[in-house]
Amino acid sequence: MEARIALLPGDGIGPEIVSAARDVLEAVADAHSHRFEFQTCAIGGAAIDAHRDPLPEATARACRDADAVLLGAVGGPRWDDPQARVRPEQGLLRLRQALDVYANLRPARALPALAAASPLKPERLAGVDLLVVRELTGGIYFGDKTEEQESASDQCRYEAAEIARVVHLAARLARSRRGRLTLVDKANVLATSRLWRRLTTEIVTREYPELEFETLLVDAAAMFLVSQPSRFDVIVTENMFGDILTDEAAAVIGSLGMLPSASLGDSGPGLFEPIHGSAPDLIGSGRANPMATMLSAAMLLEHLGLEREAAAVNAAVEACVAGGETTPDLGGALSTADVTARVIERLGARAVA
């Protein structure tokens, strides 16, 4: 097949990890006779420096015209002034809205080889394989804001249609997995959460009665992610709760450097990115872990309908982890380039087989 892929390296280690993922995608294309056309564009702090805009129109246009978008990371200390009018993160928020990618999928699966990196006892990690479906374009991050010297406010607002489309997606995913769906909210305090709970309960009861459905307050969900992480299959939740809980899930499985994500809408290109940050302390050190970006590239391949190729990338990455062929953050001694080469070697072996 042929596909156009927009690459947004961004800031910090973004260029290094996106380059590694591109190498993996090119290896997949060579092995399976696909043709991927790549276009590299600026976003975040790098775009501010070059264009005075964290999301230049040329970048937004290239992403809209692409079949998929692969992002590295945005932000860093040089753009960290909280009083700044223009910030790198604004580019990412605007891109999500421009592509209308309203649902963020973040899988977290415990790998035996990383058990020692988790703060949990190994027996608590058995069977941990969950997926968080986070609403991405609404809620408090996008609400009206006021900021004065002695007071500030952030509005959290949701429309029924915004909630319903995410819930339907999460329910369909739960139906294709182990059949369990958990809504995480704060319905005992927040009006928006009460709307989430009412609508989700109505939708699941009416259209997905075969699912095992539960609701949890966000504080209880945070506790159970640590004490009983294997109880979860698919979690659906609003924007801010999903942002926080997925970082906790990363700690549970042992590394933020192993969690990919996909941001999807009803049509158009998906946006694929690791959930970790720009790690400016690792720039140029050769120690940046590219695996979450490679796993995000695997989700990109699946989005393009290349399930076999996606599975091969996932298997190659996991085989490297099992073999200790990792960067120092996962206990290995390999560089970013070495890890990339090892993954491609294993990918090639699988492609030939």
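## Strand E4 and its neighbours

In strand E11, Ala 103 has Leu 264 as its bridge partner. This contact belongs to the antiparallel pairing of E4 with E11 (residues 260–264), which extends over three bridges. Two strands are taken as paired if DSSP finds at least two bridges between them. Helices (H or I, at least four residues) and strands (E, at least two) are DSSP runs, numbered from the N terminus.

E4 is also joined to strand E5 (residues 129–135) by seven bridges, and these two strands run antiparallel. There, Asp 129 of E5 is the bridge partner of Arg 109. Because five of the seven residues of E4 (residues 103–109) are buried, the strand is largely enclosed by the rest of the structure. Buried denotes under 20% relative accessible area, exposed over 50%, and partly exposed in between (1.4 Å probe, protein chains only).

## Basis of the model

The model is predicted; local features need pLDDT of at least 70, side-chain atom pairs count only at pLDDT 80 or more, and totals for chains, interfaces and linings use all residues. Residues are numbered from 1 along each chain as its sequence is written, and side-chain values use heavy atoms, with hydrogens and water left out.

## The sheet

E4 belongs to an open sheet of 10 strands with mixed pairing, in the order E2-E1-E3-E12-E11-E4-E5-E10-E8-E9. Its edge strands, E2 (35–40) and E9 (212–217), each pair on one side only. From one strand to the next, the twist averages 20°. Axes are lines fitted to C-alpha atoms, for helices over the stretch in contact, and angles run from 0 to 180 degrees between N-to-C directions.

Helix H9 (residues 239–253) lies across E4, E5, E8 (180–185) and E10 (234–237), and runs at about 20° to E4.

Helix H12 (residues 336–352) contains Thr 340. With 5% relative accessibility, Thr 340 counts as buried. Leaving aside residues up to four places away in sequence, Thr 340 touches Ala 20, Asp 23, Pro 290 and Met 294; contact means heavy atoms within 4.5 Å.

## Cysteines

The structure holds zero disulfides, a disulfide being a pair of cysteine sulfur atoms within 2.5 Å. Cys 320 counts as buried because its relative accessibility is 0%. Cys 156, at 27% relative accessibility, counts as partly exposed.
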